[in-house]
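Biologist: Please take one chain of this model and look at it closely. How is it built, and how does it meet its partner?

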Amino acid sequence: MPEVVVSIGPHHPALKEPVNFKVVVDGEKIVRLELDLSYNHRGVEKAAEQRDFIRVLPLMERVCGICSHAHSTAFAKGIEEIMQLEIPPRAQYIRTIIAELERMHSHLLWLGVAAHVIGFNTLFMWTWRDREAIQDTVEEMSGNRVHYGMNEVGGVRRDLTPAQVTAALERLPNLEERIKKYVDMVNKEETMLIRFRGVGKLSKEEALRYGTVGPTARASGVDYDIRKDDPYLAYADVPWNVVTDTNGDVYGRTRVRIGELWESIRIVRYCLENLPEGPIRVTAPRNAPTGEILSRYEAPRGELVHFIRTNGTDKVERVDIRTPTLANWTSVAMCLVNQNLADLPVIVAAIDPCLSCTSRITLLDNQNKKTGVMSLDELIWRNRSRDQGQERP
Amino acid sequence: MTGPLTLDIVAGKMKEFGNSELVRKNRIRITTTPDKVHDTIKIVQALFGCDRLITISAVDNARTLELIYHLTGPHRMVLSIAIELTRDQPAIPTTSDTLPPAAIYERQIHDLFGIVFTGNPNLNRIMLNEDWPANEYPLRKDWKPGPDTFYGGIKVERT
């Protein structure tokens, strides 16, 4: 049978990202894959060269909607290392808490998307509901659901109040309960087993050879995890384990992500319970000395690398961002070979490409010609008082 | 190989390829020349078991174009192999034959910096639009958008 080229994307219901695949198929089997990522190039690296560090951080945060904290932390910790700043432990712990909450909401989002791709929409609804508990926690802590804006060069911008710590701790038991259910489901639920088992298989040798990162690599038995290999933030103090699996297929990747949810809860609980006292930031100098750093960070999708070169001014000479998704494309192209075309969405989704959304309220007071932003507490109070007809205390 | 990888081991073995230095905890930088980079990577893979390419970073320092290959392995040490290329028609042999993930990073660098990786089977555009003007490399320091040129279907507005 002659080979046929099927063009998928950039706009396609099965793809959540603007990417174009040219899939060469022979009948139902995939022979080869070519990809084009040019639909979303925004020139962030060039823009970063023209702004000072304070303005680069929010820019970095907007590289990705899901790993926003990952990008800003990777950049901030690189610059801090060049400046030789000693970051207070409380700031490191707060960064770790946000990082792990981000990992949890990202993995839950992924589980939902993967379930949606195989047509298991009940699980999609469940995980996205559970994800809300984490989003509420980050919103309480930072004021935002997606772009937290917690980092600055020298520490974090917001402290955690005892009430926020208690509220976050209270949400964890329920999440644990839910994750137990997902562990059970992934091993028993027929729909998931049929669609995940043996699909997109990648052996340990292949995973290493094709430079696979993150949960995709760990599902093939590769135990690379930057949090252990090159500890940053508070990971060296916290007891936790690297999750690996030997299945090497989409089923293995699901098991690794669910296992990581469990570890993340442990890390968040430890950090919340052992939050050190003290300042949350140090004053950073305006300029960074000439230097070069390879800042590595374990983002939810895998190893994120920021290569930063400074030149003695308040701007970077070069920041080179290598995202985990770019590293994983090679292995995706490889493990798609000889698979069914119908399995393409789930194999692509298994490396977890990301999407984002956000909304925020700005209040306009027409009579006084003022604008302002409402705090979360105020918002909740307004809602309750409207429902119950209460007056403000 | 057993035990941690130290600067002494690396510097001893890599003497003929160039200077090795410990830049910080678990980062070793080896400075070499473009003609030796292919052999250096092969040796590093064979001797130190570096089975993973983290990334290839490219920098334009206004005088030359720099390429830095970051590799790691079970020892968890990052070996950075740094080279410099001339800005005028920069070309270097590909490393995608020994390191398959290098292919996609080389495509990206070719797109943004205009470095030609000879022997790379597929140096097509990946980051920039297909209608991006030829011979314009946006991440080079001296790049300025042309006044009447279309970039991805739009013109840069003059103010």
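Modeller: Chain B holds three helices and nine strands (DSSP runs, H or I of at least four residues for helices, E of at least two for strands, numbered from the N terminus). This is a predicted model, where local features need pLDDT of at least 70, side-chain atom pairs count only at pLDDT 80 or more, and totals for chains, interfaces and linings use all residues. Residues are numbered from 1 along each chain as its sequence is written, while chains are lettered from A and ligands numbered from 1 in the order written.

Start with the order of the elements. Along the sequence, chain B reads α-β-β-α-β-β-β-β-α-β-β-β. Next, its extent. Along the principal axes, the C-alpha atoms of chain B fill a box of roughly 60 × 30 × 25 Å. Of the 159 residues in chain B, 39% are buried (20 or more other C-beta atoms within 10 Å of their own, placed from the backbone).

Now the contacts (C-beta atoms, placed from the backbone, within 7 Å). Take those in chain B between residues at least 6 apart in sequence: 45% join residues at least 24 apart.

Then the partner. In chain B, 26 residues are in contact with 25 residues of chain A. Strand 3 (52-60), strand 5 (78-86) and helix 3 (102-113) of chain B each supply at least two residues of that side. Strand 3 of chain B gives the largest share, seven residues. By type, the side of chain B that touches chain A has 14 nonpolar, six polar and six charged residues. Nonpolar covers Ala, Val, Leu, Ile, Met, Phe, Trp, Tyr, Cys and Pro; charged covers Asp, Glu, Lys and Arg; the others, Gly among them, are polar.

Definitions and conventions. A residue is buried if 20 or more other C-beta atoms lie within 10 Å of its own, exposed if 12 or fewer, and partly exposed in between; C-beta atoms are placed from the backbone. Two residues are in contact if their C-beta atoms, placed from the backbone, lie within 7 Å.
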